[in-house]
Number of protein chains: 2
Amino acid sequence: MFEFEIQAASGAARAGRLTLPHGTIETPVFMPVGTQGTVRALSPNDLRSVGATLVLANTYHLHVRPGEQVVEKLGALHRFMGWDRPLLTDSGGFQVFSLEGFRRVDDDGVEFQSHVDGGRRTLTPERATEIQWTLGADIAMAFDHVVPGGADEAIARDALERTMRWLERCRKRHKDLNASDDHQTLWPILQGGAHLQLRTEGLRRILELGDWTGLAIGGLSVGEPKAVMYDMLERLEPKLPALPRYLMGVGFPQDLVAAVERGVDLFDCVAPTRNGRNGSAFTPDGPVNIRNAEHRADPRPLDATCDCETCTTFSRGYLRHLFVAEELLGLRLLSLHNVRYLIRLAEAMRAAIRRNAFGPWAAEWRRRYLHTGSA
Amino acid sequence: MFEFEIQAASGAARAGRLTLPHGTIETPVFMPVGTQGTVRALSPNDLRSVGATLVLANTYHLHVRPGEQVVEKLGALHRFMGWDRPLLTDSGGFQVFSLEGFRRVDDDGVEFQSHVDGGRRTLTPERATEIQWTLGADIAMAFDHVVPGGADEAIARDALERTMRWLERCRKRHKDLNASDDHQTLWPILQGGAHLQLRTEGLRRILELGDWTGLAIGGLSVGEPKAVMYDMLERLEPKLPALPRYLMGVGFPQDLVAAVERGVDLFDCVAPTRNGRNGSAFTPDGPVNIRNAEHRADPRPLDATCDCETCTTFSRGYLRHLFVAEELLGLRLLSLHNVRYLIRLAEAMRAAIRRNAFGPWAAEWRRRYLHTGSA
């Protein structure tokens, strides 16, 4: 269980296979985000129909509502949300550090204010681990201290040290819980802001802590320039072990391509569903805003290359009508397409890696999507 | 084409089969309402999955947005909304008489204010017929003058006379348009408020105008007491010809049962989708409000007798979570179930009619749904 096999490589890009309790997934893989135990506007059948193999849910959100005890009574997270394929839960670290409201951090954990009822709650490494164990996803994430993209070295160092101490506590609690079976694995999160030295040191210390089945890179795509993220990934890549690498919170199509080129295997982002609800669709020729008047009587599909229900059933003119008329179906149809777009993008990247032609494929992809050949 | 065959009867209740250009439907039948060319929160695949055979769309709404010319450019209504089974369009009469804003009626037609842009527009019998012809539904409705439920006899008489004059004009225009093929039929709408004598006279005059393939009863379920509607149906029934009878804007489960018992064949209503979006679900034991705290950790399905995706996949606890967390999926899942509920109710009524046991079936159904045996 939790084995990762790299099946092909093309430069730093890799195509692999990760075995999890609820199924085997092929990487690179894009995870749709089901923040509150549902990928917004999409059903489990929708997700299966677009080829989703792994879905993310948020520990923070499910803890504050409906509460992990309710999810447990309803058969744990897979059964709760009607999703029988692999699941990953984020630890809540990112949420408690990024949501508005009161927050107090000490070495024990974080006291914060629930965005639902305003009540004070505390998450510690142990609690975050226990909640995720109760939810029962295939992959749990360690509880981490996230700092903003522009954090200086002192702040990033402080957060890194705390994240390292918390990681040991998460690991210990998870080992105790997981003693009798092998239902869930725990992945560490590498922090360190935009400071390569901190990231390198953090990586070394994570690996010294023992065997892991995967590794996440956190604290990128949190406000820093894109070039900083790309550069950091490029410099970290040679130092990373042969584990699955998960770049948290990324991303947009061009970010996926650039990150796979730099050796990343897993991604999650709310962009496809959030943008879809705003009427913005990914296409091979770049984003399309379906609300634009030019689509009014356009009989063409949103994306002629796409095999999703939206593109095989409806015209741009109809999709525009749904958005202009504020019909719920529009939110769903564009979310569905955007998720399918990123899953097909990952499929195309796997195929390019397998024929050891990732570089030329990426250049051609960029020429069309970004109207330029460079990252 | 447009043939109606009554296959079984039980008292006044009938089970029949109506042949339309886009398919054959079995009656009694419930039509989900796709006001703006989409049944709110549901896709065509959803509608097929719950057994919908006939869907209604609104001429008024599609005329003001996106405009029938746009729908025509996008391949007419069936293709526009991705629905290949039969469609019926309402004429716009009900909307121009019930929506807020400026309205001026004369014998030519109705000048009204668009709810979208506030602009003045005019619908006449000819225009309403032409728009519906352009939209291309299987069944078009005559343009009628609708009065409120409590209208006195003078007002109801005036509206009836106008509706009769308009019916002749609709019929003439539709015959001209339909001269070369047989793609669409036009049904008249019987008005007359709560005045039996006006209804009886209206019915006689409609039938004198010539052969029809179906007949609608309008102006009921518009604010009058339910007993008035039931009584009117009961008194009209012996006078109605062997055509399909469509009771417009009805209804709730108990109304469907009472109306089928009184010889009605077709129904439409926004109740299943509107109530679904409000968290109210039809069940054999009466309505359930899924927001109630009692459902918080309830692992049972919404309706244990139901075969829809909602009831076979999700717990009441999860559905409640979706509503409390304001997730879009909740709106869809309850809408889906409620439409399936009414379609299954129609199926159960057909079966009871075929075994000539509608009366006992209805008594038993009411005992459970209304917790009483009487209508």
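Modeller: The largest cavity has a volume of about 90 Å³, a volume being the space filled by probe spheres set on grid points that are joined across faces, edges and corners. A cavity here is a set of points, on a 1 Å grid over the protein atoms alone, where a 1.4 Å probe fits but cannot get out. This is a predicted model, in which local features need pLDDT of at least 70 and side-chain atom pairs count only at pLDDT 80 or more, while totals for chains, interfaces and linings use all residues; side-chain values use heavy atoms, with hydrogens and water left out. Residues are numbered from 1 along each chain as its sequence is written, with chains lettered from A and ligands numbered from 1 in the order in which they are written.

The structure holds five cavities of 30 Å³ or more. Chain A contributes A:Ala41, A:Leu328, A:Leu329, A:Leu331 and A:Arg332 to the lining of the largest cavity, and from chain B come B:Ala41, B:Leu328, B:Leu329, B:Leu331 and B:Arg332. Lining residues have an atom within 4 Å of a point. At least two residues of this lining are supplied by each of α14 (328-354) of chain A and α14 (328-354) of chain B, where helices are DSSP runs (H or I, at least four residues) numbered from the N terminus. By class, the lining divides into eight nonpolar, no polar and two charged residues; Ala, Val, Leu, Ile, Met, Phe, Trp, Tyr, Cys and Pro count as nonpolar, Asp, Glu, Lys and Arg as charged, and the others, Gly among them, as polar.

Elsewhere in chain A, the axes of helix α9 (residues 226-236) and helix α10 (residues 253-261) come within 10 Å and cross at roughly 25 degrees.

Definitions and conventions
Axes fitted to C-alpha atoms, helices over the stretch in contact; angles between N-to-C directions. 1 Å grid on protein atoms, 1.4 Å probe; cavity = no way out; pocket = protein on both sides within 12 Å on 5 of 7 lines; lining within 4 Å.
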